[in-house]
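I am opening a notebook on this chain and will write down what I look up, entry by entry.

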Amino acid sequence: MAERTWASCSSSDLQKTLQNELDKVFLPEQINTVVKIDPILCTVKEDMYPYSIAFHITSAILVVLIFLCCVITIYQYTNISCRKDTPKKTNDIHSVLYSFSFIESGKDLLKYDKNNELNLINGIKLLTMMFILLGHRFMYLGGNPMTNVKIVENMYINGPDILLTCMNLVDPFFFMSGYLIYITITPVFQKSGPIWMKIVYPIIYRVVRMLPTYCMIMAITANIIPHLGDGPLWPQNTWKEAELCKNYWWTNVLFISNFFDSKYQCLLVSWYLSCDIQFFIIGVITVCVYTKNEKYGKYLIGILIGVSLFLPFVITYVRKIDGILKVDLPFLNNPRGSTVFNQTYREPYLRAIPFIFGLAMGFIGQKLKESKFKFSQITVYAGSILITLVCVCIQLLGAEFYKYDRLYSPIEHALYATLSHCTWTTIGAWITICHLTTGYGLLSKIFTNRLCVILGRLSYSVFLINLPLMQMSQSSQRQPTYLSAKTLLELSIFDSFKCYLMSLILYMVVEGPFGNLTKHLFGRRKKDISSNTIELPIEQVICIDISKENSSKL
């Protein structure tokens, strides 16, 4: 880092000064001390991060995309106003060109079919995302300088325990992913054509849909964010993240980042996207087997369920490691340095329980609908309350492992490593059965309204952008934060607003346009029925469209 001596003293000057002062005190007592100052912790007000060619290229791409979207939007609006554009008159060239129009992206974002029974998933996505944003904000508050540290100490003693045990909160998204893969992929294998094409085509399509937004966030993190702020913590946090993305972006693009040590992981959430693609491949193959031979498909899903339950238990027991990712101060300060985060939290074979159960619920849900099975409303609500209470109690048992005087028991940790991934999964399975067969009445309408559907479509962009935004906010602080429940709630609300606003911009400029372009490339845009698009959960940009006819069959 180029240093300007007139602006501040260098890290070596500070190190030498501190060494001299400490020597005066300790050498007479025959105690040797060594002072080491990390140069990245010595900051000045000026932007000292070097401007590279990549910065100018990324900036130019963003400017061109925004300009292109604005121009094409004006062009389409002009044609519509002059009545030159009708569905019959719009040719293929115009249709492809309009992919970058804010009008088309807005239509895709705002479309809503109130009769689509899968709208409930958008409500669950939105609710889960709110809790995830709350957890991420707590992580950044607890991992940075703060006052009133007593509240953190009290949390580990008196709770709330949900903050200590909620690191599996992404499991509902894995569950929804497995369930929706069955819904969206089954029609593919019911058509004629080569089997290998039916397997490869959805995988390629999905990857192509995911990459534009994913790559844009990586490029912004690596090349733009380091120049957007300053502060004592700014270089230490944002510069290191930028260097990781510059050097290891390819592991994200290949969706294998969860197989590398987390200290080489570009974007802290990239492990999740890697798991999702790996699960998707397994899901497509499983659905293929099930649709071709139902008996073998049941055997296969049974084997997958057994393996997904068996591996977390055995690996946790054999490795003698914690069965829970503890939200302690070392983890909050450096998540990448956690042994559990590296060894058990990110591996797909240890996170597959909710996904496999979601896939199985796709098979079960189809059979229940065909048999026209129904619960009474009392059973639906009483069962939901009972199952939720039992699962939450199991979830909260993880707080016992925080007690410093509790002896380590491999069997306890192995059991919890398995059961903790069944809690949200069991709740999700029960809700799925009740919703498909009976419904939740007024409660269903609350979570299936238009606003929930729209915000649910932004979940992928929110998922990618929330940690960089929070990191920027926290890295700019110049004094310790007074940590309290009120502070956490207020900052979480502000973060949620900011994340959804920025994700809206990202959707309109990147996700929506490139999503439409990909549909044209794969010949899917012509088959779109706009009111019946079903979005997969946050990790998936791909929105495999199925018509009302196919939905009713399922």
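Leaving aside its neighbours within four places in sequence, which residues is Glu241 in contact with?

Entry 1, Glu241. The model is a predicted one, and I started from the question above. With neighbours within four places in sequence set aside, I find Glu241 in contact with Thr221, Gln265, Cys266, Leu267, Leu268, Arg336 and Gln471. I placed Glu241 itself in helix H10. Its relative accessible area is 7%, so I list Glu241 as buried, the cut-off being under 20%.

I took Cys266 next, as one of the contacts of Glu241. Cys266 sits in the loop between H10 and H11. I read 0% relative accessibility for Cys266, so it goes down as buried. Leaving out neighbours within four places in sequence, I noted contacts of Cys266 with Met218, Glu241, Leu244, Cys245, Tyr248 and Asn252. I also looked up one C-alpha pair: Cys266 and Tyr248 are 18 residues apart along the chain, and their C-alpha atoms are separated by 6.1 Å.

I find Leu267 in the loop between helix H10 (234-253) and helix H11 (270-292). Its phi is near 70 degrees, which is positive, and Leu267 is not a glycine.

I looked up another positive phi in a residue that is not a glycine, and noted about 55 degrees for Lys372. Lys372 is located in the loop between helix H15 (353-371) and helix H16 (377-396). The relative accessible area of Lys372 is 72%, so I list it as exposed, the cut-off being over 50%.

What is the volume of the largest pocket? I have about 1,200 Å³ for it. I count 45 residues in its lining, and Leu127, Thr128, Phe131, Leu169 and Trp424 are the ones that lie nearest the centre. Elements giving two or more residues to this lining include helix H5 (119-142), helix H8 (171-189), helix H17 (410-437) and helix H21 (485-521). H16 is also one of these elements. H5 gives the most, with nine residues. Sorted by class, the lining of the largest pocket has 33 nonpolar, eleven polar and one charged residues.

I find 107 residues in the largest nonpolar core, where Tyr214 and Leu273 have the most contacts inside it. Another core, of eight residues, lies apart from the largest one, and its members include Tyr49, Ile225, Ala242 and Met472. For background, I note that in soluble globular proteins nonpolar side chains tend to be buried together.

I counted 22 helices and two strands in the chain. The chain has 554 residues, of which 51% count as buried. It exposes about 26,500 Å², and 67% of that is supplied by carbon and sulfur atoms. For contacts between residues at least 6 apart in sequence, I have 82% joining residues at least 24 apart.

Notes: Residues numbered from 1 in each chain as written. Predicted model: local features only at pLDDT ≥ 70, side-chain atom pairs only at ≥ 80, totals over all residues. Heavy atoms only, no water. Core = buried A, V, L, I, M, F, W, Y, C linked by side-chain atoms within 4.5 Å. Buried < 20%, exposed > 50% of the residue type's maximum accessible area, 1.4 Å probe, protein only. Helix = DSSP H or I, 4+ residues; strand = E, 2+ residues; numbered from the N terminus. Contact = heavy atoms within 4.5 Å. Areas by Shrake-Rupley, 256 points an atom, 1.4 Å probe, with all protein chains shown as cover. 1 Å grid on protein atoms, 1.4 Å probe; cavity = no way out; pocket = protein on both sides within 12 Å on 5 of 7 lines; lining within 4 Å. Points joined across faces, edges and corners; volume = space filled by probe spheres on them. Nonpolar A, V, L, I, M, F, W, Y, C, P; charged D, E, K, R; others polar.
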